[in-house]
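The questions below go through one protein model step by step. Each answer ends on what was asked for.

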Amino acid sequence: MLAISLLPESSLHAFPPAPHHLIYGLVRDELGNPLEVDNAEILFESASGTKLTTRIVFRGEPGQNYQLTVPMDSGITSDLYKPTAMRPTVPFKIHVRIRDTLYLPIEMKGDYSALGQPGKMTLLNLTL
């Protein structure tokens with residue numbers, strides 16, 4: 001049996017994406033109180049420079065005030081299926097921006113066992 005591709009070679013893309021990874025948790029101020037300010041957001045940046053952001057909402061689920069959906073790439077091919085996709089083992093930084101000020105969390109607590117695995121969730125609480 002002969003397989004014929006009807007797409008020109010230039011229109012072929014990377015392997016299909018892996019399921020997203022969800023990072024969620026509670027951002028607290030320096031006194032340990034849940035952060036309740038307007039115009040606050042989480043900034044996620046990979047070592048390659050890819051950036052993702054999400055808002056901090058203080059009327060969210062109990063015990064959490066942010067959720068960050070991270071698009072994942074399966075890593076089977078050398079190119080990503082889209083520029084913001086992450087590979088399972090990519091190093092990253094997390095910052096919190098409140099209005100025009102950027103904060104580096106002094107504490108990141110959570111269960112890192114599933115971090116970066118496609119289709120999984122990671123609880124990551126941050127203290128500023």
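Q: What pattern does the protein follow, read along the sequence?
A: This is a predicted model. There are zero helices in the protein, and the strands number nine. Read along the sequence, the pattern is therefore made of strands, with DSSP runs of E counting as strands. It is β-β-β-β-β-β-β-β-β.

Q: Over how many bridges do strand 3 and strand 6 pair?
A: Strand 3 covers residues 40–46, and strand 6 covers residues 92–98. The two pair in the antiparallel sense, with A40 standing opposite I98 in strand 6. The number of bridges is seven.

Q: Which residue in strand 4 stands opposite E45?
A: Strand 3 and strand 4 pair in the antiparallel sense over five bridges. In this pairing, the residue in strand 4 opposite E45 is K51.

Q: Which residue takes a positive phi in the hairpin of strand 3 and strand 4?
A: Four residues lie between the strands of this hairpin. The positive phi is near 100°, and the residue that takes it is G49.

Q: What is the bridge partner of V96 in strand 7?
A: Strand 6 and strand 7 pair over three bridges, in the antiparallel sense. The bridge partner of V96 is Y103.

Q: Is the aromatic pair of F44 and F92 stacked or edge-to-face?
A: The structure holds one aromatic pair. The ring centres of F44 and F92 are 4.9 Å apart and the planes are at 20°. Planes under 30 degrees apart count as stacked, and those over 60 as edge-to-face. With its planes at 20°, the pair of F44 and F92 is therefore stacked.

Q: How far apart in sequence are the parts that the pair of F44 and F92 ties together?
A: F44 is buried, with a relative accessible area of 4%, whereas F92 is partly exposed at 26%. F44 lies in strand 3 and F92 in strand 6, so the pair ties together parts whose separation in sequence is 48 residues.

Q: Which residue forms a salt bridge with R97?
A: The count comes to one salt bridge. Its closest N and O atoms are 2.5 Å apart, and the cut-off is 4 Å. The pair links distant parts of the chain, strand 6 and strand 3, 56 residues apart. The partner of R97 is E41.

Q: Is E41 buried or exposed?
A: Buried means under 20% relative accessible area, and exposed means over 50%. R97 has 31% and is partly exposed. E41 has a relative accessible area of 14%, so this residue is buried.

Q: How many of the seven residues of strand 3 are buried?
A: Of the 128 residues of the protein, 33% count as buried. Strand 3 is mostly covered, and its number of buried residues is six.

Q: What share of the contacts between residues at least 6 apart in sequence join residues at least 24 apart?
A: A contact requires heavy atoms within 4.5 Å. Among contacts in the protein between residues at least 6 apart in sequence, the share that joins residues at least 24 apart is 59%.

How values were computed: Residues are numbered from 1 along each chain as its sequence is written. This is a predicted model: local features need pLDDT of at least 70, side-chain atom pairs count only at pLDDT 80 or more; totals for chains, interfaces and linings use all residues. Side-chain values use heavy atoms; hydrogens and water are left out. Two strands pair if DSSP finds at least two bridges between them. Rings of Phe, Tyr and Trp (its six-membered ring) pair if their centres lie within 6.5 Å; planes under 30 degrees apart count as stacked, over 60 as edge-to-face and the rest as tilted. Buried means under 20% relative accessible area, exposed over 50%, partly exposed in between (1.4 Å probe, protein chains only). A salt bridge is a side-chain nitrogen of Lys or Arg within 4 Å of a carboxyl oxygen of Asp or Glu.
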